[in-house]
Amino acid sequence: LREQELPRSRGTGAAGVRTGVAMIRFILIQNRAGKTRLAKWYMQFDDDEKQKLIEEVHAVVTVRDAKHTNFVEFRNFKIIYRRYAGLYFCICVDVNDNNLAYLEAIHNFVEVLNEYFHNVCELDLVFNFYKVYTVVDEMFLAGEIRETSQTKVLKQLLMLQSL
Amino acid sequence: MVVPSLKLQDLIEEIRGAKTQAQEREVIQKECAHIRASFRDGDPLHRHRQLAKLLYVHMLGYPAHFGQMECLKLITSPRFTDKRVGYLGAMLLLDERQDAHLLITNSIKNDLSQGIQAVQGLALCTLSTVGSAEMCRDLATEVEKLLLQPGPYVRKKAVLTAVHIIRKVPELSNIFLPPCAQLLHERHHGVLLGTITLITELCERSPAALKHFRKVVPQLVQILWTLVTTGYSTEHSISGVSDPFLQVQILRLLRILGRNHEESSETMNDLLAQVATNTDTSRNAGNAVLFETVLTIMDIRSVAGLRVLAVNILGRFLLNSDKNIRYVALTSLLRVVQSDHSAVQRHRPTVVECLREPDASLSRRALELSLALVNSSNVRAMTQELQSFLESCPPDLRADCASGILLAAERFAPTKRWHIDTILRVLTMAGTHVRDDAVANLTQLIGGAQELHAYSVRRLYSALAEDISQQPLVQVAAWCIGEYGDLLLEGSCEETEPLQVEEEEVLALLEKVLQSHMSLPATRGYALTALMKLSTRLRGDNNRIRQVVSVYGSCLDVELQQRAVEYNALFQKYDHMRAAILEKMPLVERGGTQDEEAKESKEAQHSEAALVPTEPQASKLLDLLDLLDGTSGAAQPPPPLEPSSEGTSVHLLDLPCVSSAPASIPNLKVFEREGLQLNLSFVRPPGTPALLLIMVTAINTSEADVTHFVCQAAVPKSFQLQLQAPSGDTVPAQGGLPVTQLLRILNPKKAPLRLKLRLTYNHFGQSVQEIFEVNNLPVETWQ
């Protein structure tokens, strides 16, 4: 016999956001050496907590190679990551989220960056970091996927750029 | 002379040009000083450039909080470039815990109400990232107004900002409920996506919203249907699948709406079947949608055929070459293996294949799943596979694998001999990783299988002769040799090859174990006692044994020393009692935490012990084990023990972990129908005040058997309930062996206990289902 299904407990996690809520917690782009090229937080953390998280994610993700899956369990969340050349794109989500969908989201995001910067490389992201934030904000908002059409996002970015 | 400030690009180049960490820090500190001076001077033209530089420095990890007020100034400026950097700075530098962020509330309000889309977009973005509860409350109405504006650019940002607001301040959800219906008619994917997310969030927060939105299930089904069959717009298609993100979101919402709701689930059935069969699975996008579909099917009240389809899809995933997909398949199969066992069984061979994955997370899940799939028909094949896995598996999985095999063997062993063989093999391969009670279990098992004594002792002897390093194996072997040494020396046993063993060899082996530095103190104890027992079993004189025993009389280890001294005494003063004391041990009752060790030491120490009056202890023993109701017939009487050991083993069984003096709560008869009775008995273990153990006993006094008996229980939300596996699902007729099941209820709040039971079974050729609430629960169960 299986155990009776209890209603999911609605506790409050850190900083007043429900644990178990399916949302993106943060998005990180790091290079192999551990330098952060982009950090977008959708949950409240202290500065030193943020630093610790960045270091931990780096440690966990860089030891994995091609024979590992793209999903890692991390504290009580899950990290979905993909490596493009020397950069790791990591999205931290809840354990109940759909891994494959977020993997697609990462790829979508990278393709937009590629179009926007015309064959993007790491230096582009470094020198134009504020533009990268704009791209992130066009595609993700409040911890959710916002716009999925690449053409639309690019159109909007060009419009913003002209202002 | 005013030094012209560096452009952002130049600063970045300078920082990157720094060769060492110290150099970089120098450059940055110099620049920060410039920036600070410039902020003080209040130069409006270049402020945004300064802040941009500061933000870059902040990204590298340097402190930048002195820029916070500048962000505010930039946000209020009319120029767009200023605003952009200002808002970015606000998102990066400000957070809820500082008061500065409240100051931007007003600016955000102004920006939201003036008509320029880009500015509104920025403001919404910032609100949704760093908006605290107070800010959200102030600005909620503004956001709501923007929800229904004509331009989709602002609308989709507004919708997701609404999601954030609801997350922070759940009470505001009723503001955002009405617009949702209209927003669902959107054709713009971005807005639609946001709306679905908003509705999902609303439904998860409040059951009233959930009920309200159940009405839109047909509409959602329609949207998804159109998406799948015709495709809304080509610009949203990813690898041939039209807007997989939207599909996944809709499926997720459908899952929440359909959970535990028959009507909605029915509406969705066709659609889910369609999506499941028609999605293109060659690329990841299609698989993502398929995976979400499977999860939805599993969660709602779907028809059985659909569930089987879902499990088959997962099985197909397992064969996929992409290991990500195998990973998600294994995880999901684990979740459904309990409820759809037979469907998952079909994929057993594939699961076993996955054991060989190089990635540890995959092989771990495959192991868990394989263990869950073992049943009585495939147990031999499965243990074979699992054992070969045990040989080659990574060390962190060894313990789990070993204990898993042992558990499976215990539950499904076809014959005792096979069981003993399996445990033996596991102990040889991974002896150090098994759980502590494996030794006790094995000795008890061997003790109980009278016909296999000779066989076991031979196998153990040969195993021991090969390798004395695996401690559990050595312990069991030593015990066996001690008990059945005479059978070992007899020389003939039809189940293994004849093994000629000399007495001296046996003694030599035991001495080797005693002296080896690899042996734990516990193992040494076993070996010493075994030697002692052999003194009565072997035919030769006992000089060698006596020698060893007297040597150990001065051993440094206190435990060994005590044993040796007592054994010495046995040889000298109490020689006449030696034979009786060292007789073969009777079968031990399995109950509570039996420790072989403790039993043996007690047995040795008892030589002076007065014979305790066994009757009262035995009845107390009966009370402890008698969690069954009185009508169930006698609990097994304690086996005919010889006087001394009987006293000690009853002492021993006084130690069990559950309770030494159960609080006596009266039993309760809760159900009777056509001869089938259900009784509840309660135990409140004194150590854990919040815990209540209920033993449900089903007895059948009618003429026909009750089959497929399933009992489920439900308790109010503040309780935690755990049902353990029942003893069986057939209650034999005419008062035969009752079916028992243990419920564990945790009641930390000491709330009044309410219990609802649901029974389903077949009786007299009819299937019966009964649901009832248990009344008259005694007060002591929850106070």
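Which side chain makes a polar contact with the side chain of B:His763? The views below come back to this contact in the first legend.

**About the model.** This is a predicted model, in which local features need pLDDT of at least 70, side-chain atom pairs count only at pLDDT 80 or more, and totals for chains, interfaces and linings use all residues. Residues are numbered from 1 along each chain as its sequence is written, chains are lettered from A and ligands numbered from 1 in the order in which they are written, and side-chain values use heavy atoms, with hydrogens and water left out.

View 1. B:His763 belongs to strand β9 (residues 755-763) of chain B; helices (H or I, at least four residues) and strands (E, at least two) are DSSP runs, numbered from the N terminus. The partner asked about above is B:Ser702, whose side chain lies 3.0 Å from that of B:His763 in a polar contact. Such a contact is a pair of N or O atoms within 3.5 Å; within protein, one must be able to donate a hydrogen and the other to accept it, and residues adjacent in sequence count only if both atoms are side-chain atoms. With a relative accessibility of 1%, B:His763 counts as buried. Buried means under 20% relative accessible area, exposed over 50%, and partly exposed in between (1.4 Å probe, protein chains only). Leaving aside residues up to four places away in sequence, B:His763 touches B:Glu674, B:Asn700, B:Ser702, B:Ala704, B:Asp705 and B:Val706, where a contact means heavy atoms within 4.5 Å.

**View 2. Strand β9 of chain B and the strands it pairs with.** In a regular strand the side chains alternate between the two faces of the sheet. Here, the covered face of β9(B) carries B:Leu755, B:Leu757, B:Leu759, B:Tyr761 and B:His763, while B:Lys756, B:Arg758, B:Thr760 and B:Asn762 make up the uncovered one. Strand β6 (residues 706-714) of chain B pairs with β9(B) in the antiparallel sense over 7 bridges, and B:Thr707 has B:Asn762 as its bridge partner in β9(B). Two strands pair if DSSP finds at least two bridges between them. Strand β10 (residues 766-774) of chain B also runs antiparallel to β9(B), joined by 9 bridges; in β10(B), B:Val774 is the bridge partner of B:Leu755. The hairpin of β9(B) and β10(B) has 2 residues between the strands, and B:Phe764 takes a positive phi near 55 degrees there.

**View 3. The buried side of helix α1 in chain B.** Helix α1 (residues 8-17) of chain B has B:Leu8, B:Leu11, B:Ile12 and B:Ile15 buried. These residues are on the same side of α1(B) because they cover an arc of only 100 degrees around the axis, the arc being that of the directions from the helix axis to the C-beta atoms. An α-helix has 3.6 residues a turn, so residues three or four places apart point the same way. The cover over the buried residues of α1(B) includes α3 (122-127) and α4 (129-139) of chain A, together with α2 (21-41) and α3 (47-59) of chain B.

View 4. The side chains of B:Lys53 and B:Glu31 form a salt bridge, with 3.0 Å from N to O. The pair links distant parts of the chain, B:Lys53 in helix α3 and B:Glu31 in helix α2 of chain B, 22 residues apart. A salt bridge is a side-chain nitrogen of Lys or Arg within 4 Å of a carboxyl oxygen of Asp or Glu. Both ends are buried: B:Lys53 has a relative accessible area of 0% and B:Glu31 one of 8%.

View 5. The closest N and O atoms of the salt bridge between B:Arg167 and B:Glu201 are 3.1 Å apart. B:Arg167 lies in helix α9 (residues 152-168) and B:Glu201 in helix α11 (residues 189-205) of chain B, so the pair ties together parts that are 34 residues apart in sequence. Both residues, B:Arg167 and B:Glu201, are buried. In the other pair, B:Glu674 and B:Arg673 meet in a salt bridge at 3.9 Å, N to O; B:Glu674 is partly exposed at 41% relative accessible area, and B:Arg673 is partly exposed at 27%. Salt bridges that share partners join A:Glu144, B:Arg167, B:Glu201 and B:Arg205 into one network.
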